Amino acid sequence: MRHDYAARHCLAYAVDGEYLNDIDPTFPIERRGTDPDRLNRYLRELGIDPAADDRIDNAIPAALAIASRITGVVITPEHLRRPILGAAIPGAY
């Protein structure tokens with residue numbers, strides 16, 4: 001997930017180096033990648049209709065909830081107090 005003052009919020013999903021899905025959680029209808037519907041089940045579980053042209057006001061909790069469901073790791077405040085590992089995904093930007 002990328003978040004800075006100039007960026008849109010973005011949750012990218014890749015498996016074994018293959019870029020599968022990119023969701024802008026603020027506008028969930030805007031999905032990209034080789035499998036743009038891959039995470040729709042998680043959106044629906046959170047009460048977000050991936051086909052609706054809705055705007056999600058505070059999308060960061062939804063993005064973190066999706067990441068937690070995919071990885072099985074619940075993000076806690078302690079995670080946010082330590083250095084965060086990240087990586088660039090070729091083709092995601």
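**Figure 1. Asn21 in strand β2.** Asn21 is found in strand β2, which covers residues 18–23; helices (H or I, at least four residues) and strands (E, at least two) are DSSP runs, numbered from the N terminus. The structure is a predicted model, in which local features need pLDDT of at least 70 and side-chain atom pairs count only at pLDDT 80 or more, while totals for chains, interfaces and linings use all residues. Residues are numbered from 1 along each chain as its sequence is written, and side-chain values use heavy atoms, with hydrogens and water left out. Asn21 has a relative accessible area of 0% and is therefore buried (buried means under 20% relative accessible area, exposed over 50%, partly exposed in between, with a 1.4 Å probe and protein chains only). The side chain of Asn21 reaches the backbone oxygen of Pro36 at 2.6 Å, and a polar atom of that side chain lies 3.2 Å from the backbone oxygen of Asp35. Leaving aside neighbours within four places in sequence, the residues in contact with Asn21 include Leu11, Tyr13, Arg31 and Leu39; contact means heavy atoms within 4.5 Å.

**Figure 2. Asp16 in the loop between β1 and β2.** Asp16 lies in the loop between these two strands. With a relative accessible area of 81%, Asp16 is exposed. Most residues other than glycine have a negative phi. Asp16, although not a glycine, has a positive phi of about 50°.

**Figure 3. Helix α2 and the residue that follows.** Helix α2 comprises 12 residues, 60–71, and should span 16 Å at 1.5 Å a residue; its end C-alpha atoms are 16 Å apart, which agrees. The expected span is 1.5 Å times one less than the number of residues. Which residues of α2 are buried? They are Ala62, Ala63, Ile66 and Ser68. What covers these buried residues includes β1 (11–15) and α1 (40–45). Just after α2, Gly72 takes a positive phi of about 80°.

**Figure 4. A nonpolar surface patch including Ile75.** Ile75 lies in the loop between α2 and α3 (77–80). Because its relative accessibility is 33%, Ile75 counts as partly exposed. Val73, Ile75 and Leu80 make a nonpolar surface patch of about 250 Å². Patches are made of residues with over 30% relative accessible area and no salt bridge; like charges are joined within 9 Å, and nonpolar side chains (Val, Leu, Ile, Met, Phe, Trp, Tyr) within 5 Å. A salt bridge is a side-chain nitrogen of Lys or Arg within 4 Å of a carboxyl oxygen of Asp or Glu. Accessible areas come from the Shrake-Rupley method with a 1.4 Å probe; for residues, only the protein chains shown count as cover.

Technical notes: Polar contact = N/O pair within 3.5 Å; in protein donor to acceptor, adjacent residues only side chain to side chain.
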